[in-house]
Amino acid sequence: GRLGEALATYKGWIRDHPADREASIEYARALAWNGQFDDAEAMYTELARTGNAAAKKGLARVIGWRGELDRSERTWRQVLETDPQDPEALTGLAQVLTWQGRQTDAESALQLALRANPAYGDARTLLRWVQADLRPSATITGVSINDSDNNRATTFSVDYLARAWWNGAIGGSYRERSANFAAINSRADAVNLFARWQPGSSSWQLRADGGVTRHSSTFLPSTSPQRTIGSGGLRLSGNVGRALTVGVSGSRAPFDETALLIANGVVSSDLTGEAAIALPARFTLSGAASHARLTGGTRENARNAFSSTLRWTNSRNWSLAVGGRQFGYDTTSADGYFAPRRYTLAEASGRGRIGGQLGWNADADVGLGQQSIEFFGSSAGSRLAERVAMSLGYRFDPAREVSASGGYANVAAPGQTTGSEYKWYTFSLRARLGF
């Protein structure tokens, strides 16, 4: 509660005693606790040049707190090159690996830390969280979606996840979607299985999934009131060099967001490539491109999509971004999905999170921009685009949590059927239970 007073005291002492490295490290630590990450990083960097191990650890920690996880991982590993058994460095590395979603690697690092120092409390506490994430878990979710074109849909899903012996994970899911539009009632029941593999301590991950979806509808013109559609996908992602992350994926799945899409049995086959590069001053530039073929309906179609985002990360909990995306179809749709000749969106956005690891937490994601829609045979029109999504959750312990989320957007979506003002709303409840 007296952090400001401590900062003033440290600043005065270091001004009068510039050679006191221990005081400088404590001052840098206090700056980081106060959210002054730029000042803390600058001080830690200067001290680390002298070979001070504590300064190097502080630098790695601050970089991770501000959300530059790949750079933080590299810095922790540089510390471990000097002392591979340092429990503090191994625990710091494990924390970053956890934030990256690499819980298996984090567990290995923490076990090394505890072998080096069985009494190291930070490692033992973090290991409890990591092992909770690695235990089998079930997530139950209910979602309600409504839009201004009178599409209504509710989705109930159950997801199961377990660790696999090959340094990966396996899981399965069941999803039931009930959709309504005017007098049309449709339903999609899907079962899916997946497996994920991460070789050794590499950042590369390979994920494969496959399943079946059963469609049924009261839409009389439908060629078949019931049909079964197979689905599958493959995704490979990882780091290339120190600052570049890439991914490529291919998938085939039903395009069944609305009652009409379910009734018409539209299937989307997608090929996607994406990349993100870490830039100086906490900026990250990412981009993606995809090509999709839509089949199974009354008319085949194709879609090309592109997107790019420049994001500035203040910390792991707060960031700002500017970005854009564009997609277009080869021809109009006769199956009930939004298929413009060209759609373009440019927006500024922000993300934030408050709360700790346990107890209450809240997230928000807000965007404001301009969208342009060009239909076949007409000129382009533009209008404002705004969106907001918020969630409120409570985590009882590392393995049990619940949350409620809501969202609103005035942004084009698959269910849109006209070029007029379009809005959609969503509300969801989610519970996760570890075994």
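I looked up the largest nonpolar core first: it has 22 residues. Core members are buried Ala, Val, Leu, Ile, Met, Phe, Trp, Tyr and Cys joined through side-chain atoms within 4.5 Å; buried means under 20% relative accessible area, exposed over 50%, partly exposed in between (1.4 Å probe, protein chains only). Trp-76, Ala-94, Leu-110, Ala-123 and Val-130 have the most contacts inside this core. Two or more residues each come from α5 (69-82), α6 (87-99), α7 (103-116) and α8 (121-134). I noted that α6 gives the most, six residues. Helices (H or I, at least four residues) and strands (E, at least two) are DSSP runs, numbered from the N terminus.

The model is predicted: local features need pLDDT of at least 70, side-chain atom pairs pLDDT 80 or more, while totals for chains, interfaces and linings use all residues. Numbering starts from 1 along each chain as its sequence is written, and side-chain values use heavy atoms, without hydrogens and water.

Next I checked rings. Phe, Tyr and Trp (its six-membered ring) pair if centres lie within 6.5 Å; planes under 30 degrees apart are stacked, over 60 edge-to-face, the rest tilted. The count is twelve aromatic pairs. Tyr-160 and Phe-435 are tilted, 6.5 Å centre to centre with 40° between the planes. Tyr-160 sits in strand β2 (residues 151-164) and Phe-435 in the segment after β16 (424-434), 275 residues apart. Tyr-160 is partly exposed at 39%; Phe-435 is exposed at 54%.

I then took Phe-338 and Phe-375: edge-to-face, 6.0 Å, 80°. Phe-338 is buried at 5%, and Phe-375 is partly exposed at 27%.
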